[in-house]
Amino acid sequence: MERDEAGTFERLRARRKELFEPEIARHHGHIFKLMGDGLLAEFGSVVDAVECAVSLQHALAERNAAVSEDHRIRVRIGINLGEVIVERARTDMAMASTSLPGSNN
């Protein structure tokens, strides 16, 4: 990343589109957050999550074998077994931010 940030990011984005997104979907998961060079995916089953992680690591190893050392992409995959808690934004806060003092909104 430090040698070629833009190129590395493009290779990561390409891998996400061609490998990660289809593999996650194939294992009944969905991506719910992208964070630069990382992502969070949710699965209904821990078995699906583990099988997806193993499949992704094998596929990346195959792809990495065909490219030079400085263009290889290595990822760490963690699996959280806890419940996912999603907090919804409050609509009254969103409405308040659109109302300016002295306006009729």
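This report describes the fold, the surface and selected residues of a predicted model.

## Overall fold

The protein chain contains three helices and two strands. Read from the N terminus, the elements follow the order α-β-β-α-α. Helix α1 covers residues 5–26, strand β1 covers residues 29–35 and strand β2 covers residues 38–43. Helix α2 spans 46–65 and helix α3 spans 91–98.

Of the contacts in the protein chain with a separation of 6 or more, 44% are between residues 24 or more positions apart.

## Burial and surface

The protein chain has 105 residues, and 19% of them are buried. Its accessible surface is about 8300 Å², and carbon and sulfur atoms contribute 53% of that area.

Seven side chains are named in a nonpolar surface patch of about 570 Å²: Val46, Val47, Val50, Val54, Ile77, Ile79 and Leu81. Ile79 is classed as partly exposed because its relative accessibility is 38%, a value that lies between the limits of 20% for buried and 50% for exposed.

## The β hairpin

Strands β1 and β2 are paired in the antiparallel sense, with six bridges between them. One of the bridge pairs is formed by His30 with Glu42 of β2. Two residues separate the strands of this hairpin, and Gly36 there adopts a positive phi near 60°.

Lys33 belongs to strand β1. With residues up to four places away in sequence set aside, Lys33 touches Gly38, Leu39 and Leu40. The relative accessibility of Lys33 is 43%, so this residue counts as partly exposed.

His28 is located in the loop that links α1 and β1. Its phi is positive, at about 65°, although His28 is not a glycine. Most residues other than glycine have a negative phi.

Is His28 buried or exposed? His28 is exposed, because its relative accessibility of 60% is over the 50% limit for that class.

## Arg15 in helix α1

Arg15 is a residue of helix α1. Its relative accessible area is 16%, so Arg15 is classed as buried; the limit for that class is under 20%.

Which residues does Arg15 contact, once neighbours within four places in sequence are left aside? They are Phe20, Leu60, Arg63 and Ile73.

## Ala61 in helix α2

Ala61 is part of helix α2. Because its relative accessibility is 46%, Ala61 counts as partly exposed.

How far apart are Ala61 and Arg74 in sequence and in space? The two residues are separated by 13 residues in sequence, and their C-alpha atoms are 8.3 Å apart.

How values were computed
Residues are numbered from 1 along each chain as its sequence is written. This is a predicted model: local features need pLDDT of at least 70, side-chain atom pairs count only at pLDDT 80 or more; totals for chains, interfaces and linings use all residues. Side-chain values use heavy atoms; hydrogens and water are left out. Patches are made of residues with over 30% relative accessible area and no salt bridge: like charges are joined within 9 Å, nonpolar side chains (Val, Leu, Ile, Met, Phe, Trp, Tyr) within 5 Å. Accessible areas come from the Shrake-Rupley method with a 1.4 Å probe; for residues, only the protein chains shown count as cover. A salt bridge is a side-chain nitrogen of Lys or Arg within 4 Å of a carboxyl oxygen of Asp or Glu. Helices (H or I, at least four residues) and strands (E, at least two) are DSSP runs, numbered from the N terminus. Buried means under 20% relative accessible area, exposed over 50%, partly exposed in between (1.4 Å probe, protein chains only). Two strands pair if DSSP finds at least two bridges between them. Contact means heavy atoms within 4.5 Å.
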